[in-house]
Every structure is written in structure tokens, then in C-alpha cells.
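Hi everyone, thanks for making time this morning. I'd like to walk you through one structure, piece by piece, so let me put it on the screen.

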Amino acid sequence: MTMTTATDHTLSGRVGALLERVRAGREFGANVYSTLDVLQVLYDRVLRITPETADDPDRDRFLLSKGHAVAGYYAVLAAKGFVPVEWLDDQGGPASRLGDHPDRLLVPGVEIGSGSLGHGLGLGVGTALGLRAQGRLDPRVYVLLGDAELDEGSNHEAIAYAGATGLANLTAIVLDNRSASHGWPGGAASRFTVNGWTAATVDGRDHEALHTALTGHDNHRPHVVVAVVTNGE
Amino acid sequence: MRETFIDTMTDLLAEDPRTAVVLADISAAAFGPAAQRHPDRVLNVGIREQLLVGVAGGLALTGLRPVAHSYAPFLVERAYEQIKLDLDHQGAEAVLVSVGASYDRAAAGRTHLGPADVALIDTLTDWTVHVPGHRDEVPALLRAAVAADGSAYLRLSTQSNDMARGNDGSLQVVRDAGPGAPLLVAVGPLLDQALAAVAGLPVTVAYTHRPRPFDIAGLRALAGTEVILVEPYLSGTSARVVGAALADRPHRLLTLGVSRTELRRYGSPEDHTRWHGLDAAGLRRSIDAFLARALV
């Protein structure tokens, strides 16, 4: 499933440079950096998507639900050729197609417009159901959330339903940077496993561990990967 | 209307593999036979309205034509942000079908009343809104909504006129009082009350079961100076549309519908119709007062 011959190191360097181009001297919060490793592993080694197959009905879907983690997302999309590198300049400006939250109608390769937390998983459940109803059993739906985003009750509607119905073509990824105000005692993964999901909790910086976790679904139940990143940058 | 919807939708599921129904327990038992035949396209998410609309959005993103169904206040009010973001903002389209319009479940109290649904949908862009006045109007409206590309809201009620009317949704003259006569536009199930209200008055009455997009051309062709709107949802919901349509003409507008005040009373739908002044006698009082001022 590897889509590029670039190594982690070179992609990181490329993405890092592109991220600096997006940043343009501004301060970015820890959430931008904590998401980068997961995004790189996904786009490098897991997702079966290319700019050429961005509209293929049998493509994998990646839904960025925590839409504020957008700078690294744009950098990865540019590195992979979904958007021209020049688009990264003046991100958020009056003529830019790249907002502080992504818009699927403005940015090629972006599956959902997000920003208001708690929308991606419901859309992901619907996407997974729609693929299944059309007999498209190969593509997989990946939804990236944050641990604080899990505060939104809409996620728990989706978690319970996807688990109860064994929605096997869905993977949730929770980027856990311990930012939920009241925490998740017992770990974020337990909210999923109690509803019948399989789960893996890994170091969100460890690319091999992330890859193993992100490909660890059993094709019978929905799968969650909790990527723990506790050291900000 | 609800049974007609379920029957027609069950047929549509068999006819068109693009269709899918999303439920939040409401009407799930009635869709049981359809769910057995099409388990991947009749989806009951349980009592989860945010997920109801989110799933509809996701289904649409894969190319299906979702129909999401629940009680009006839960479908439209509780899940409003999902309608705004999971459908419209994604460029994803769905058909929303509600039951329990305004005060169908009057005895259930405020939690089950939903008079603001059409006004909320009207904050969005390019939605078609169907408000049938009789169960026999439902099949054609549902089929047209599902066959179209855009998003539509179909508002079903236990309130009904005595006979089915309507066409493509443009204003249909039911009672013609001649050129320049005051024009009363009745939406959906309030037509019979409106007709009874203007008995003996020189008022033209037109019917529509499609308040959005409102038939602007028809309105401009029929309207004189006085326009009266009778709508079975929040009073004044279509005032902005009529105001904009007639902006270049001197005119007076009376909007009648469900009032904003929470009555905190139970009773029957007929009681609420009367308390909101939407029965024939109440409408007549309002119309008489409105037209009397025109003569001053």
C-alpha cells in the first residue's frame, strides 16, 4: 500500500519545509505539530489515494474532523501533489483557497469541510455505510479526531452505533495530546472498545507503531487508533 | 400522510438503488419490511439525531440519495448544525421528511411542538420545502424530491384538507375574486380553514404546498395591494419572500400562522389551531381587521 518511494526522513523534511511556508512566521499551536506524524504515515503508507484517484469511488477516504489541525494537512496535500505548493502562501488570505479550516469544495483531496468539532465521525459513519451499500468493500474510511473533540456528544452517537452494527470499514484515529479539559480516565480507547471496536493505543511519534496500528483492523469491527502525543512539539 | 410516505418510500427503495432511508427509531417498525429487503439502505441509528443527519451527509458523499426522517423538532431543531454543515457545507444533498408538524402532538407539550422548522430551513440556501395539505399529495411530492438533485424538506402533518390539490408547487387559484382583489395564499393543510374564513368576502384564494421556492411569478401576477399569508408554521415565515417579491409595489401584508408564544397548554391540534387564531373564525377576525384598515 506504500504510495511513494520517499522515506520518512525526506518526506518529513519536505513536509516540514512546506509547513514553514504555510506558517509564514506565525505562531502555531502544539496541535499542528502533534498531528504531523500521523498524517505522514497515513499519506505515505496507508491511504490508497493519489491526486489522480481523488474522485475515484473506490478510493480510501481520509476525513480530518479536527479541522483546526490544518496547516500540516495542507503541507502534506501539497507534498503529495493534491494542491499546488503555491497555494500554501498567504494561507487564510482573501484570495486563498486554504482557510484556517479546510473546505472540501475549495481544496482538492479534502473529503470534508470541518472546523466545528464533532462532525467528522458521523460523516465517516455515513460514508462507510454508503460504500457498503454500493458493494464497495475495498475502500476504507479513516477519520482523524482529537481527544478534546471527543467531548462533543455527537462522537458518542457515532461510536455507539458503529460498534453496535460492526461497521468494519471504518477507522477512527484519536490524536491524544491530553487537551480534553476533563480528561478521559481509563484512556480514550476504552470509550470505543466498550462499544465493540478494536483498539490500539500507540506513541503518536513512532511511525512504525502508527503503521502497525493503522493497519491493524480485523475487517469485522470498526477500529480505533489512539495516537498519544504528550510533548507538544 | 405518514403511512403514505412510508408506502411510497418503500416502493422507491425497490425502484431506485441510489435511495437510502435513515431513521432515528421514529417509524422504524413501519419500515421493517423495507429494512428486511434492503438492510444496507434502511438504516436505523437509534435515538441519535445528530448521527441521523451526519449519516445522511456521508451517504450523499458516496453518491446515494438519502432520505432522513424523524419528528420535526428532533430532525430540524436538534440537528440544525448537522443540516447546515453535514449537508449544505459539504455540498451534500438529502431529503428530510418530518412528522409531527407544529402541534400535531399537542398533548405531548412543548418538547414535541415544532412550528419553527420551516423558518430554520429557510435560513439555508436553495432548499425546496414541501408542505402537503392532504395525504394524496405526498407520493408525487416525495418522488419529485427524491428524483431531484437538491435538498428538500417534506413536512408531513396529521392536519389535512378535505381533498388533495396542488400541481408543481406554483400558486393555484382555488377561489377567484377578480383583478385587484385581496390575495390570500394558503399553505398546505390550512387551505380549508382559509376558504371557510373568507366566505362571502371578495378575496382571491391561492393554494401552494411548496412554500420554497415560493412562486414569485405567480404571486406578482395575482397580488393586488392586499396580501394575506396563511401558513401552518411560524407566523411570518414567508414575509421576507413576499416583501422582496413585491418591493417595487405599494402593498400591505398580513401574515397569519403559529404564534411565537409558548402556550403551555395541551389539548388537541384543533385546540391549538383555534388558540393560534388559525381556525376559520380566528382567521376571519384577523382578515376582517386587516381589510377594514384598507378602507380608511
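This is a predicted model: local features need pLDDT of at least 70, side-chain atom pairs count only at pLDDT 80 or more; totals for chains, interfaces and linings use all residues.

Let's begin with residues 1-164 of chain B, where the chain is 40% helix and 16% strand.

The label "domain: Transketolase N-terminal" comes from an unreviewed UniProt entry and covers residues 34-225 of chain A. That span is 32% helix and 14% strand, with 15 Å between its end C-alpha atoms.

Back to chain B as a whole. How many helices and strands does chain B have? There are twelve helices and eleven strands. Its radius of gyration is 19 Å, close to the 19 Å that the globule rule gives for 296 residues, so chain B is as compact as a globular protein of that length. Along the principal axes, the C-alpha atoms of chain B fill a box of roughly 65 × 40 × 30 Å. Of the 296 residues in chain B, 54% are buried. And if you take the contacts in chain B between residues at least 6 apart in sequence, 71% of them join residues at least 24 apart.

Chain B is divided into domain 1, residues 2-155, and domain 2, residues 172-295. Taken over C-alpha atoms, the centres of these two domains of chain B are separated by 27 Å. Where they touch, domain 1 of chain B contributes 23 residues and domain 2 of chain B contributes 21 residues. On the domain 1 side, the elements giving two or more residues are α6 (117-121) and β5 (128-130) of chain B. By class, that side of domain 1 of chain B has 13 nonpolar, five polar and five charged residues.

Now for the place where the two chains meet. The contact takes 25 residues from chain B and 23 residues from chain A. On the chain B side, α3 (49-61) and α5 (80-89) each supply at least two residues. Which element of chain B gives the most to the side that touches chain A? That is α3(B), with nine residues. The side of chain B that touches chain A divides into ten nonpolar, ten polar and five charged residues.

Let's move over to chain A and its own helix α3, residues 70-79. Ten of its ten residues are buried, so this helix of chain A is largely enclosed by the rest of the structure. Among them are Val70(A), Tyr73(A), Tyr74(A) and Leu77(A). After α3(A) comes Gly81(A), with a positive phi near 90°.

In soluble globular proteins, nonpolar side chains tend to be buried together. Here the largest nonpolar core has 163 residues, and those with the most contacts inside it are Ala75(A), Val125(A), Ile173(A), Ala194(B) and Val230(B). The largest share of this core, nine residues, comes from α3(A). The core also draws at least three residues from each of domain 1 and domain 2 of chain B.

Note on methods: Residues are numbered from 1 along each chain as its sequence is written. Chains are lettered from A and ligands numbered from 1 in the order in which they are written. UniProt positions are given in the numbering used here, feature names are shortened, and annotations may be inferred rather than shown by experiment. Helices (H or I, at least four residues) and strands (E, at least two) are DSSP runs, numbered from the N terminus. Domain bounds come from an automatic or database domain assignment. Two residues are in contact if their C-beta atoms, placed from the backbone, lie within 7 Å. Ala, Val, Leu, Ile, Met, Phe, Trp, Tyr, Cys and Pro count as nonpolar, Asp, Glu, Lys and Arg as charged, and the others, Gly among them, as polar. The radius of gyration is taken over C-alpha atoms; the globule rule is 2.2 Å times the number of residues to the power 0.38. A residue is buried if 20 or more other C-beta atoms lie within 10 Å of its own, exposed if 12 or fewer, and partly exposed in between; C-beta atoms are placed from the backbone. A nonpolar core is a set of buried Ala, Val, Leu, Ile, Met, Phe, Trp, Tyr and Cys residues joined through C-beta atoms within 7 Å.
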